[in-house]
Amino acid sequence: MSLEGGMKCVKFMLFFFNFIFWLCGLALIVVGVLVQVSLHSTLMINDASASGAPIVIIAVGVVIFFVAFFGCCGAWKENYCMVTMFAILLSLVILVQIAAAIAGYIFRNKVSDVVQASLTDMISSYNNSSAEFKASVDALQEDLKCCGMNSSSDWRSFRPDGNSVPDSCCLNVSTNCGIGAMRDSAKVYQEGCRTAVEDLLKKNIQWVIIAALVLAFIEVTGVVFACVLMRGIRSGYEVM
């Protein structure tokens, strides 16, 4: 059986849609990985709930490759069962993405508490931590041009003199530049990292939400095409 007329057009549109779908899946994986790395490597967020949305987005991106297979093969071969499977799997993916977007929105509202806990732990653990951890903290402060959680005074326990900060707090980083310079605005950043980290984190989560919702909207179109094609294939069988 071969589809004709409008159904043939729908067939090729669905095939083309799956190529776009594959690219969107790749984009989801990239966005999810970038946000996950940013959360746990750059920002050092330890709250497990922070990983929920990006991990789901990565998983959805991987599943999309398999779903696109059913769509492409089903459309090309005009196989009713494969097109049906594609429509079902795609509908499930849409539901998961909406759930990920909701999870991201919920976490976005508790960012302040998570950031405060993470930065507090970062400062208290700094002196007794590994060189890798210290390098991450230093990179965070240098990149965001900040010092401590709320202000440079959060580092009062950094050295016995109570007036020193890590060198990464300095406007111009050099060896021992932070010794005795905690409150010297000419040498050390006085503003804490909390606001900057919160803004960066919210921006990353916002991209996850946008990516999930935009792709879900595109996928709805795919489900519609699949349903139309299913109807055309079934009608062709009935005629035969």
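This is a predicted model: local features need pLDDT of at least 70, side-chain atom pairs count only at pLDDT 80 or more; totals for chains, interfaces and linings use all residues.

Q: OK. How many disulfides does the structure hold?
A: The structure holds three. Cys146 is joined to Cys193, with an S to S distance of 2.0 Å. Cys147 is joined to Cys169 at 2.2 Å, and Cys170 to Cys177, also with the sulfur atoms 2.2 Å apart.

Q: What's the pairing in sequence order?
A: Counting the bonded cysteines along the protein chain, it is 1-6, 2-3, 4-5.

Q: Which hand is the disulfide of Cys146 and Cys193?
A: The torsion about its S-S bond is about 95 degrees, so the disulfide is right-handed. The link of Cys147 and Cys169 is right-handed at 85 degrees, and that of Cys170 and Cys177 is right-handed at 110 degrees.

Q: Are Cys147 and Cys169 buried or exposed?
A: Both are buried. Cys146 and Cys193 are buried, and so are Cys170 and Cys177.

Q: And what about Cys81 and Cys227?
A: Cys81 is exposed, with a relative accessible area of 59%. Cys227 is partly exposed, at 40%.

Q: Switching to rings. How many aromatic pairs turn up in the whole structure?
A: Three. One of them is Tyr126 with Trp155, edge-to-face, 5.1 Å centre to centre with 80 degrees between the planes.

Q: Where do those two lie?
A: Tyr126 is in the loop between α4 (111–125) and α5 (131–144), and Trp155 is in the loop between α5 and α6 (194–239), so the pair ties together parts 29 residues apart in sequence.

Q: What else does Trp155 pair with?
A: Phe158: the ring centres are 5.9 Å apart and the planes are at 80 degrees, so this pair is edge-to-face. Tyr126, Trp155 and Phe158 form one aromatic cluster. Trp155 and Phe158 are buried, and Tyr126 is buried.

Q: Which charged end sits over the ring of Tyr126?
A: That of Lys134, 5.8 Å from the ring centre.

Q: Last topic: which residues form the nonpolar patch on the surface?
A: Phe16, Phe19, Trp22, Leu23, Leu26, Val30 and Leu34, with about 670 Å² of accessible area together. Phe16 lies in helix α1 (residues 6–42) and is exposed, with a relative accessible area of 54%.

Technical notes. Residues are numbered from 1 along each chain as its sequence is written. Side-chain values use heavy atoms; hydrogens and water are left out. Rings of Phe, Tyr and Trp (its six-membered ring) pair if their centres lie within 6.5 Å; planes under 30 degrees apart count as stacked, over 60 as edge-to-face and the rest as tilted. Helices (H or I, at least four residues) and strands (E, at least two) are DSSP runs, numbered from the N terminus. Buried means under 20% relative accessible area, exposed over 50%, partly exposed in between (1.4 Å probe, protein chains only). A charge sits over a ring if NZ of Lys or CZ of Arg is within 6 Å of the ring centre and within 35 degrees of the ring normal. Patches are made of residues with over 30% relative accessible area and no salt bridge: like charges are joined within 9 Å, nonpolar side chains (Val, Leu, Ile, Met, Phe, Trp, Tyr) within 5 Å. Accessible areas come from the Shrake-Rupley method with a 1.4 Å probe; for residues, only the protein chains shown count as cover. A salt bridge is a side-chain nitrogen of Lys or Arg within 4 Å of a carboxyl oxygen of Asp or Glu. A disulfide is a pair of cysteine sulfur atoms within 2.5 Å.
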